[in-house]
Amino acid sequence: MGDLWVTILIGLSALLFAGAVGMLGLGVSNSLAPFFIEVSEESAGGVSGAGSVVVRKLGVMNRRFIWPGYEDKMRRSLVKAGEPSAYKPEDIMALQELGFLGALVFGLVLMNMLDFNLAWSLVVALIGFFYPLIWVNDQVAKRHLQISRALPFNLDLLTLSVEAGLDFTAALAKVVDKGKGGPLREELSLVLKQLKMGKTREEALKSMIARVDLPALSQFVTALIQADKMGTSLGKVLRIQSTQLRIERTQRAEKLANEAPVKMLFPLIACIFPTVFMVLFGPIVFAFMFGNAAGG
């Protein structure tokens with residue numbers, strides 16, 4: 001019986017140690033990520049640091065091997081993410097290759113330290129291989145969140161400008177000039193430049209929908225295009241859209257608040273309860289074991 005409890009405690013300790021090492025590795029990877037990922041805005045080539053140079057050089061080598069499906073999908077994702085660090089699809093493939101090699105070395109060292117089967121290092125290597133894709137998707141999600149949060153304010157400002165008597169182009173220029181900085185302002189500024197270059201309002205707005213690919217923004221732009229085609233009052237349409245966006249934002253906040261207790265359940269069970277049980281019952285188990293050994 002005593003040997004069973006010792007085995008259980010050793011197993012729990014090993015799991016907690018592995019989790020701690022994993023969190024440490026994640027923290028180190030996040031700390032080192034700017035060395036490989038961030039690109040300075042000062043240089044024309046956009047390279048800062050030896051890591052970025054390696055990524056760019058390896059990306060150039062990948063151009064002949066990249067397949068069209070991967071390139072098209074990754075290019076769309078990078079555009080939706082706002083083209084972070086001016087990366088191209090071949091650069092993301094280079095990051096995947098470097099992530100695979102780095103994670104493989106880390107996995108071999110970790111499995112050797114823990115005296116586990118070295119085949120598990122391939123699992124760690126696969127995590128490193130897919131991490132750049134996760135990073136790109138995370139950049140898309142962050143940008144969509146920023147646009148969703150900025151949309152009601154900028155739409156209110158656009159509505160007030162139109163209701164004050166400005167036409168759409170002048171109202172959009174007012175929003176770009178007075179609105180909050182962020183990805184939405186950048187997209188509206190690009191739309192304004194396209195309108196000044198001679199594009200129609202529908203073409204410029206549809207181009208923004210294709211770049212951002214956010215349902216809330218697409219719904220707003222579609223309503224504007226329909227109002228423009230049917231000759232409906234633009235101010236009235238903007239007022240309706242503004243009210244609808246604020247209602248949806250309130251509902252989304254209520255939904256997230258209701259989901260919070262469910263999301264807290266797993267960390268509570270997986271991280272807090274085992275530690276509490278070890279602190280409370282560990283001394284009792286050891287006392288019971290050593291008591292039986294002394295009695296025997």
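Val276 counts as partly exposed because its relative accessibility is 37%, which falls between the 20% limit for buried and the 50% limit for exposed residues. In this predicted model, Val276 sits in helix α10, which covers residues 234-295. Val276 also belongs to a nonpolar surface patch of about 910 Å², to which Leu265, Leu268, Ile269, Ile272, Phe273, Phe277, Leu280, Phe281 and Ile284 contribute as well.

Seen as a whole, the protein chain is built from 10 helices and 0 strands, so that reading from the N terminus gives the order α-α-α-α-α-α-α-α-α-α. The chain has 296 residues, of which 33% count as buried, and it exposes about 18,300 Å², with carbon and sulfur atoms supplying 67% of that area. When contacts between residues at least 6 apart in sequence are considered, 58% of them join residues at least 24 apart.

One such place in the chain can be followed at Ile66, which lies in the loop between α2 (50-62) and α3. Ile66 counts as buried because its relative accessibility is 13%. Once neighbours within four places in sequence are set aside, the residues in contact with Ile66 are Glu71, Pro89, Glu90 and Met93. For Glu90, which is 24 residues from Ile66 along the chain, the separation between the two C-alpha atoms is 6.8 Å.

Charged side chains give a further view of how separate segments are joined, and the structure holds 13 salt bridges. One of them pairs Lys80 with Asp213, with 3.5 Å between the closest N and O atoms. This pair links distant parts of the chain, since Lys80 is in helix α3 (residues 68-80) and Asp213 is in the loop between α8 (201-212) and α9 (215-230), 133 residues apart. Asp213 is partly exposed, its relative accessible area being 43%.

Another salt bridge brings together the side chains of Glu187 and Arg143, at 2.8 Å from N to O. Glu187 is found in helix α7 (residues 183-196) and Arg143 in helix α5 (residues 120-163), so this pair ties together parts that are 44 residues apart in sequence. Here both partners, Glu187 and Arg143, are buried.

Asp156 is buried, with a relative accessible area of 18%, whereas Arg246 is partly exposed at 37%. Salt bridges that share partners also join Arg143, Glu187 and Arg211 into one network.

How far can these details be trusted along the chain? The mean pLDDT of the protein chain is 80, and 80% of its residues reach 70 or more. Confidence is highest in α7, at a mean of 92, and lowest in helix α1 (residues 2-37), at a mean of 54. Over residues 35-50 pLDDT stays under 50, and for this stretch the model has 28 contacts beyond four places in sequence.

Key:
Residues numbered from 1 in each chain as written. Heavy atoms only, no water. Patch = residues over 30% accessible without salt bridge, like charges linked within 9 Å, V, L, I, M, F, W, Y side chains within 5 Å. Areas by Shrake-Rupley, 256 points an atom, 1.4 Å probe, with all protein chains shown as cover. Salt bridge = Lys/Arg side-chain N within 4 Å of Asp/Glu carboxyl O. Helix = DSSP H or I, 4+ residues; strand = E, 2+ residues; numbered from the N terminus. Buried < 20%, exposed > 50% of the residue type's maximum accessible area, 1.4 Å probe, protein only. Contact = heavy atoms within 4.5 Å. pLDDT = per-residue confidence, 0-100.
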